[in-house]
Amino acid sequence: MSYQDLLQRLGAINDVLTSSSVLVWDSRTMMPPRGVAVRGQQIATLSTVAAEMLMADETSRLLDAADRATAHLPDDAAERRGIAQTRAGIALHRRIPSALRHRQAELRATAQAAWIEARAKSDFAGFQPYLEESVALARQLADAIGWSAAPYDALIGLPEPGETTASLRALFTRIREGIAPLLRAVSAAKAPRTDFLQADYPVALQHDFALHLARTIGYDLDRGRLDPTVHPFEISFTRDDVRITTRYPRNFLPASLFGTLHETGHALYEQGVDPAYSRGPLATDFGNLYAVGGVSFGAHESQSRLWENHVGRSRDFWALHYGALRDRFPEQLAGVDDETFHRAVNSVRPGLIRVEADELTYDFHIMLRVEIESQLLDGTLKVKDLPTAWNEAIKRDLGLDVPDDRRGVLQDIHWSTGYIGTFCTYTIGNVMAAQLMASARQQLVGLDRSLTDGDYAPLLGWLRDNVHQHGRRFSRNELLVRASGRSLDPEPYIDYLTAKYTALYGVVPT
Ligand code: ZN
């Protein structure tokens, strides 16, 4: 018996998980509304089948045999890493009682319905009992997984292995002190013109341009497709079928432009995973039972943010592509030149809603949520006091009064689905994107020239070599050290934001 026998077994588990992903994709793009109840059961069944296959004695037997057959290989060989990750996934599942999983899944369905209603009515009290149970179950989950310094550590470790409450606190402190003076200066400066972004943009033309953008930066449409949805996402069923979705609000053009670039960034990661890893343990997240090639949520987010912001919101990008956009929308963009457009899509305005936030205020929305989650988990904040804590933090960080809970504590779907611990990965993605971009600039002579010329192949090639191809073989920090010589480091991110916004707004941080 060999490593190949193990791969066959793990390939079958991956097949179950990717089949489940197809059902998820369908439910979020094509499925009629009444399909939702049975679809939930179908996905839950496949998830149980995959977990049973993973935990079965047969898998352990094949793992032991593969372990012996590959013992002579170095620790970071793909085979050794595949075995270690599968074992870690199994160990994690053994620690979590099935009754807890079951109750979490049950609660998810009812809590989500309660959240939708509570949000519509801006009625936090209607959602409070569900959130109280969600938090209690999350705490039980943390205790089952195990933690030493803080219970929240156990939950952060699921999407972002290696990150802790303490490491996040240090990261956030530095980001806060780096960005706050910049935000103060920009907020006091004259706001750019943005009215034309809210003109009437027909959906079909938006879709046409979104496809053009995705293709331009390297999305392979023979191995992907773009569909409309309410909440955009990327999902992959192996590197040869990686799909994205976007939304096309008629009166807000940036949503489809930057939403598409964002999801394409995620898709480029999955399309670039080494073909040898397909269906294998380095393209499957056994801990979270998800068929995905990216190594952590934060690493994945770094790829979407890099293409969305560092490339897609750059001056060079719109100098090149604005003409094609205006050809499609000559009336809506009449009298607007590329520079005006570039300033508009980079305008900064503190707001209440995370998903509408600009680059400079976005991390404040994340830091607030992470702070609250960690306090809920260790019991220093009670769910009933959540709206007050939320509103105070928004006032402190963004200077805004929250008029109702709909635009405050009830705005995100995350807590209604029981997911606590994933918000931090958005900021980690921002930090990591800037770090990788700075390294690519140092290592690739002529990178800026190629971006000015609209040739995205050198950048994509560098990301393929340094990030995408490795799938889940290296940890996030191993990837970063290999690519940039350092583990996660906020300085390139702060430098990037400072250079960008001081130039755009002509200000000095105060
Ligand atoms: Zn994303």
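## The zinc site

A donor is an N, O or S atom within 2.8 Å of the metal; water is not among the atoms, so a site may look incomplete. The model described here is a predicted one. Three residues supply the protein donors of the zinc ion: H262 and H266, each through NE2, and E301 through OE. These donors lie 2.1 to 2.4 Å from the zinc ion.

Along the sequence, the donor residues follow the spacing H-x3-H-x34-E. Both histidines belong to helix 10, which covers residues 254-271. H262 and H266 are four residues apart there, about one turn of the helix. Residues under 20% relative accessible area count as buried. H262 is therefore buried, since its relative accessible area is 12%, and H266 is buried as well, at 9%.

## The loop between helix 10 and helix 11

Helix 11 spans residues 297-311, and R279 is found in the loop between helix 10 and helix 11. The phi angle of R279 is near 65°, a positive value in a residue other than glycine. R279 is partly exposed, with 37% relative accessible area. L289 is found in the loop between helix 10 and helix 11 too, and its phi is near 50°, again positive in a residue other than glycine. With a relative accessibility of 15%, L289 counts as buried.

Y290 is also located in the loop between helix 10 and helix 11, and is partly exposed at 33% relative accessibility. Which residues does Y290 contact, leaving aside its neighbours within four places in sequence? They are L17, S21, I235, T284 and D285. Y290 and M432 are separated by 142 residues in sequence and by 23 Å in space, C-alpha to C-alpha.

## Helix 16 and helix 19

Two packed helices are described by the angle between their axes and the distance between the axes. The crossing of helix 16 with helix 19 is left-handed.

On the side of helix 16, the contact involves I428, M432, Q435, L436, S439 and Q443. These meet R476, L480, A483 and S484 of helix 19. By class, the contact of helix 16 with helix 19 has five nonpolar residues, four polar and one charged.

## Helix 14 and helix 16

Helix 16 also packs with helix 14, which runs over residues 362-378. The axes of helix 14 and helix 16 come within 8 Å and cross at roughly 140°. Helix 14 and helix 16 are therefore oblique to each other. This crossing of helix 14 and helix 16 is left-handed.

Helix 14 contributes Y362, D363, I366 and V370 to the contact, while helix 16 contributes C424, Y426, T427 and N430. The residues of the contact of helix 14 with helix 16 comprise five nonpolar, two polar and one charged.

## E392 in helix 15

Is E392 buried or exposed? E392 lies in helix 15, residues 386-398, and is exposed, with a relative accessible area of 55%. E392 and V402 are 10 residues apart along the chain, and their C-alpha atoms are separated by 8.8 Å.

Key:
Residues numbered from 1 in each chain as written. Predicted model: local features only at pLDDT ≥ 70, side-chain atom pairs only at ≥ 80, totals over all residues. Heavy atoms only, no water. Donors = N, O, S within 2.8 Å, 3.2 Å for Na, K, Ca; no water. Helix = DSSP H or I, 4+ residues; strand = E, 2+ residues; numbered from the N terminus. Buried < 20%, exposed > 50% of the residue type's maximum accessible area, 1.4 Å probe, protein only. Left-handed = near helix turned anticlockwise from the far one by under 90°. Contact = heavy atoms within 4.5 Å. Nonpolar A, V, L, I, M, F, W, Y, C, P; charged D, E, K, R; others polar. Axes fitted to C-alpha atoms, helices over the stretch in contact; angles between N-to-C directions. Parallel < 35°, antiparallel > 145°, perpendicular 65-115°, else oblique.
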